[in-house]
Amino acid sequence: MQSLHIAVIGGGAAGFMGAITAAETFPTAKVTIFEKSRNVLSKVKVSGGGRCNVTNAAPTLPELVKGYPRGAKFLRPLFEIFNNQHTIQWFESRGVALKTEPDGRMFPTTDSSETIIDCLQQAAQRAGVEVRTSTGVNAIVADGGQFLLRLQSGEELSVNRVLVTSGGHPQLSGYDWLATLGLDIETPVPSLFTFNAPKLPLKDLMGVSIGKVGVKLAGSKLTEAGPMLFTHWGVSGPAVLRLSAWGARELASKNYQFMSLINFTNQKPNEVQEQLTSMQRDVQWKGKFVPTQAPFGIPQRLWKQLVELANIPDTMRWADLPAKNLHRLVEQLTNFQLEVQGKTTFKDEFVTCGGVNLANLDPKTLESRHVSGLFFAGEVLDIDGITGGYNFQAAWTTAVIAGRSIGY
């Protein structure tokens, strides 16, 4: 075991977790992280607006796997071994306490991603992991039970095991160096993106958020519910991001030109109609002007514009509202048509649908079925989650399983 050298390619979340786990599991092995950029853990730094959304507090494994549009079946048995509860314990045992927000996202109590970065770097240092930055790997050559790494600098290095944690790539060509090893690659397309709507009929709503809306892809069964945010380019928020994840391939096939239907009440149209009709008769409402007070928890600025789109004048009282205008208002509230023309990456976070086909791997060890001694973890795999800490959890889980298996 003394001569065993494990190379970890990629210094992100999965790379560090895999390297730490390998070094702690096989203490006599040499473990080296190779990171092509000057800085490690850069995605951890920007995650969650700089707070780092470490994992999700899903109470059961069935609930946890619901967060993965791709890879859920593959992850399910791995979560039996290392899941979100294990992640919490892992960080807390190293001095990092986590907190849960109402939507299930978990962050360090410091609200700083630097806390997670420091923890991972210190754990790696204690375990004896060597970290080489500005050291890109151009090629992996399997050589009779050994591996030859060809570095960008021209250096060639022989190692015994390789864990690839190089992350997702936006282009298929980004996986060419892995395809030469006989791996099947699923064509990557973006996931977790916001919707651009340059023809949005609603004006000056940037920064306005709504607690829970329904967002649907017209002509499809794809639908999501959750908070939504108006931006200067269109709409964002968890409901939009989740829909983009579940519909990643379908939306890519449409070249991100599609109609989205928004239900601002997240209720059925007949229920909304009944409530509005009731307001017309209610002594507290019937004498009031329709645009002045917003029901359903809708922000006042949005409500006023929806009323205008229903051709309801400012001077119209609830008691006098004609049936045709009431129907138009119900339509605007429950079936608002948003023409989407393009997408925008969510903040500085980049997630891809696609990558190394999971059929290439031993599902118990994350080792390649084609090349002995070659392992994979993290976003380089065809696994991706919705927003809320699921992608980091997949990284921690696959990295721990690979790290525990790689020294045998």
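What is the orientation of helix 1 and helix 13 to each other?

Tutor: This is a predicted model, in which local features need pLDDT of at least 70 and side-chain atom pairs count only at pLDDT 80 or more, while totals for chains, interfaces and linings use all residues. Residues are numbered from 1 along each chain as its sequence is written, and side-chain values use heavy atoms, with hydrogens and water left out.

Helices here are DSSP runs of H or I with at least four residues, numbered from the N terminus. Helix 1, spanning residues 13-25, packs on helix 13 at about 30°, and their axes are 8 Å apart; each axis is a line fitted to the C-alpha atoms of the stretch in contact, and angles run from 0 to 180 degrees between N-to-C directions. Helix 1 and helix 13 are therefore roughly parallel to each other, given that angles under 35 degrees count as roughly parallel, over 145 as roughly antiparallel, 65 to 115 as roughly perpendicular and the rest as oblique. On the helix 1 side the contact (heavy atoms within 4.5 Å) includes Ala13, Ala14, Met17 and Gly18, and on the helix 13 side Phe392, Trp396, Val400 and Arg404 are among the residues involved. The contact of helix 1 with helix 13 divides into 9 nonpolar, 4 polar and 1 charged residues, where Ala, Val, Leu, Ile, Met, Phe, Trp, Tyr, Cys and Pro count as nonpolar, Asp, Glu, Lys and Arg as charged, and the others, Gly among them, as polar.

Helix 13, which covers residues 390-405, also packs with helix 4 (residues 72-81), their axes coming within 10 Å and crossing at roughly 70°. That makes helix 4 roughly perpendicular to helix 13, and the crossing is left-handed. Leu75, Leu78, Phe79 and Ile81 of helix 4 meet Gln393, Ala394, Thr397, Thr398, Ile401 and Arg404 of helix 13, a set of 6 nonpolar, 3 polar and 1 charged residues.

On a 1 Å grid over the protein atoms alone, a cavity is a set of points where a 1.4 Å probe fits but cannot get out, a pocket is an open set with protein on both sides within 12 Å along at least five of seven lines, and lining residues have an atom within 4 Å of a point. The whole structure holds 1 cavity of 30 Å³ or more, and the largest cavity contains about 30 Å³, a volume being the space filled by probe spheres set on points joined across faces, edges and corners. Its lining consists of Gly378, Glu379, Ile383, Asn391, Ala394 and Ala395, which by class are 3 nonpolar, 2 polar and 1 charged.

The second largest pocket has a volume of about 190 Å³. Of its 13 lining residues, Glu63, Lys66, Gly67, Ile386 and Tyr390 are the closest to its centre, and the lining comprises 5 nonpolar, 3 polar and 5 charged residues.

Conventions: Helix = DSSP H or I, 4+ residues; strand = E, 2+ residues; numbered from the N terminus. Left-handed = near helix turned anticlockwise from the far one by under 90°.
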